[in-house]
Amino acid sequence: MVDFSLWDILRNLLLAGRWTVGLSLIAFIGGGVVGLGLLLLRLSKAPGAETAISAYVQLFQGMPLLVQLFLAYYGLGLFGINTSPWVAAAAGLTLYTSAFLTEIWRGCVASIPRGQWEASQSLAMSFGEQLRHIILPQAMKIAIPPTVGFLVQVIKGTALASVIGFMELTKVGKTIANATFSPFLVFSCVALMYFVLCYPVSLYAKSLERKMHAQR
């Protein structure tokens, strides 16, 4: 048994929290970029795009995130890619995030009245101009609250990266708990850390949602 003070536990968890935040940001930003690309392809009505992207979304939404992380960790090596826990966790969470953000944003675009598309077409706007000047600015206002809210799910999802050896908050907490034989104390601190990370984001998402409803 290793003698850890409460301060030692918190200090080590704070250090691990940096990796949790970093992984969350990579997954959220990377998933956002991929999700936006898929959304634009879906809206373009390219042949087969709707079916392929719908299948992609259903696949990653329907598969447990834990399984996706395992597949990323053991599957990337088949293509000669470095299968470090960091790379696998980032790849798995990015794909997971992109599937959900694509669907969230598709719903936001679908909520724009059809008349907006027709009005912009009557002005002889191209598809790109319709999106850039008319549709996406309106859809973005609707999409901000659920997008920010989904960030909470991404942060909590990083805890599953511990199963492939990524040293984030949960993994470090487990290591400390095994060393100190104080699992209740350690994981109470871990829970507190997740709360500190997620609660402000949840409040911000609710605040944005109230503002959106007020504007409507």
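Good morning, colleagues. A search of the whole structure, which is a predicted model, finds 10 aromatic pairs. I shall discuss two of these pairs and then turn to one alanine.

The opening example is Trp19 with Phe166. Their ring centres lie 6.4 Å apart and their planes meet at 90°, so this pair is classed as edge-to-face; the cut-off for that class is over 60 degrees. Where do the two partners sit? Trp19 belongs to helix H1, residues 6-43, whereas Phe166 is found in the loop between helix H6 (127-157) and helix H7 (169-180), so the contact ties together parts that are 147 residues apart in sequence. The two partners may also be described by accessibility. Trp19 has a relative accessible area of 45% and is therefore partly exposed. Phe166, at 6% relative accessibility, counts as buried.

The next example is Tyr56 with Phe60. Here the ring centres are 4.8 Å apart and the planes stand at 55°, so the pair is tilted. Both residues lie in helix H2, 4 residues apart, which is about one turn of the helix. Are Tyr56 and Phe60 buried or exposed? Both of them are buried.

Returning to Trp19 and Phe166, I note that ring pairs link these two residues and Trp86 into a cluster.

Finally, I turn to Ala52. This residue is placed in helix H2, which spans residues 49-62. Ala52 has a relative accessibility of 46% and therefore counts as partly exposed; the limits for that class are 20% and 50%. Between Ala52 and Arg18 there are 34 residues in sequence and 36 Å in space, taken from C-alpha to C-alpha.

Thank you for your attention.

Technical notes: Residues numbered from 1 in each chain as written. Predicted model: local features only at pLDDT ≥ 70, side-chain atom pairs only at ≥ 80, totals over all residues. Heavy atoms only, no water. Helix = DSSP H or I, 4+ residues; strand = E, 2+ residues; numbered from the N terminus. Buried < 20%, exposed > 50% of the residue type's maximum accessible area, 1.4 Å probe, protein only. Phe/Tyr/Trp six-rings, centres within 6.5 Å; stacked < 30°, edge-to-face > 60°.
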